[in-house]
Amino acid sequence: MAEKPRAFGERYIVEPGKAFKLSDCDPRAANGFTDKEATKADTVRDATAIDALQDRLFAEGKRSLLVILQGIDCSGKDGTVRAVFNHCGPIGVKVAPFKAPTVDELAQDYLWRVHRVCPPRGYIGIFNRSHYEDVLVVKVRGFAPAEVIEKRYDEINAFEKLLSDNGTTILKFMLNISKEEQAERLTERIEIPEKRWKFNPSDLEDRALWNDYMTAYEVALTRCSTHHAPWYVIPADRNWVRNAAVSRIVRETLEDMNPKYPEPKGWDPKTVKVV
């Protein structure tokens, strides 16, 4: 029998209500994943299992799973989506990337654009960045007053509780990359033609604010890791460790949800014949 999600995720979780220091989390930690090729094979098996579980979740049509991927530039959000969810068919999985808000989005409250793309019942929803941008980049860049941002932690917790109470299981992953590893990946984006489309000069502006971002992340993780929507800090310097950890937690969460194929309604398979 598989471990419960918290049994495996315990090594990564930000315990709700407890003191937390991001500096205590090693971006290169292996946490039990030692053999690279064997770990990659395990990730494929987990991703295949996620596909089967997603099929059951979609057929059941009663609950949903929301996976939030948050991390500084080059932490591997896109790569995690590919490794963990590419085995899933397009039916039943929705990916929502969050970029700078549009004029229409800015005319609404900051959670408006988020609620619109939350997964409906039966679906796995994946947020590539999320509403946490509004207590991260908005905070670091000073796009909103401090007193406005201060209110948002409780607002976010209440919003996630609403989703949870209405059948959405929430997993939040902070992909924790080191400043040294980010430098290597940014350099690749500049030097390798096929990767240049990923680079934006503003990435270097954010890099110059690294310490401010780490402080903002620490506050958000501490204030917004709850029993209904916990944060997991995933070491992201090594892609294969990152992918393995996320895929295992997602798989075991779905196994714990244990979605069921619905029984036929209004007909008996034993009496129906195709002629």
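Guide: K21 and E218 form a salt bridge, their closest N and O atoms lying 3.8 Å apart. K21 belongs to the loop between α1 (5-9) and α2 (36-60), and E218 to helix α10 (residues 210-224), so this pair ties together parts that are 197 residues apart in sequence. The model is predicted: local features need pLDDT of at least 70 and side-chain atom pairs count only at pLDDT 80 or more, whereas totals for chains, interfaces and linings use all residues. Residues are numbered from 1 along each chain as its sequence is written, and side-chain values use heavy atoms, with hydrogens and water left out.

Visitor: What is a salt bridge, and how many does the structure hold?

Guide: Side chains of opposite charge can pair when their charged atoms come close. The term denotes a side-chain nitrogen of Lys or Arg within 4 Å of a carboxyl oxygen of Asp or Glu. The structure holds 17 salt bridges.

Visitor: How are the helices and strands defined?

Guide: They are DSSP runs numbered from the N terminus, with helices being H or I of at least four residues and strands E of at least two.

Visitor: Is K21 buried, exposed or partly exposed?

Guide: Buried means under 20% relative accessible area, exposed over 50%, and partly exposed in between, with a 1.4 Å probe and protein chains only. K21 has a relative accessible area of 48% and is partly exposed.

Visitor: Which salt bridge does E150 form?

Guide: E150 meets R223 in a salt bridge, at 2.8 Å from N to O. This pair links distant parts of the chain, with E150 in helix α7 (residues 146-165) and R223 in helix α10, 73 residues apart. E150 is partly exposed at 41% relative accessibility, and R223 is partly exposed at 32%.

Visitor: How do the axes of α7 and α10 cross?

Guide: Axes are lines fitted to C-alpha atoms, for helices over the stretch in contact, and angles run from 0 to 180 degrees between N-to-C directions. The axes of α7 and α10 come within 10 Å and cross at roughly 45 degrees. Angles under 35 degrees count as roughly parallel, over 145 as roughly antiparallel, 65 to 115 as roughly perpendicular and the rest as oblique; α7 and α10 are therefore oblique to each other.

Visitor: Which residues of α7 and α10 meet?

Guide: Contact means heavy atoms within 4.5 Å. From α7, E150, Y153, I156, N157 and E160 meet V219, A220, R223 and C224 of α10. The residues of this contact divide into five nonpolar, one polar and three charged. In this division, Ala, Val, Leu, Ile, Met, Phe, Trp, Tyr, Cys and Pro count as nonpolar, Asp, Glu, Lys and Arg as charged, and the others, Gly among them, as polar.

Visitor: Which partner does K195 have in a salt bridge?

Guide: K195 pairs with E188, the closest N and O atoms being 3.1 Å apart. K195 is partly exposed at 31% relative accessibility, as is E188 at 34%. Elsewhere, salt bridges that share partners join D46, R248, R251 and E255 into one network.

Visitor: Where does R248 lie, and which residues does R248 touch?

Guide: R248 lies in helix α11 (residues 239-257) and is buried, at 18% relative accessibility. Not counting residues up to four places away in sequence, R248 touches F8, F33, D42 and D46.
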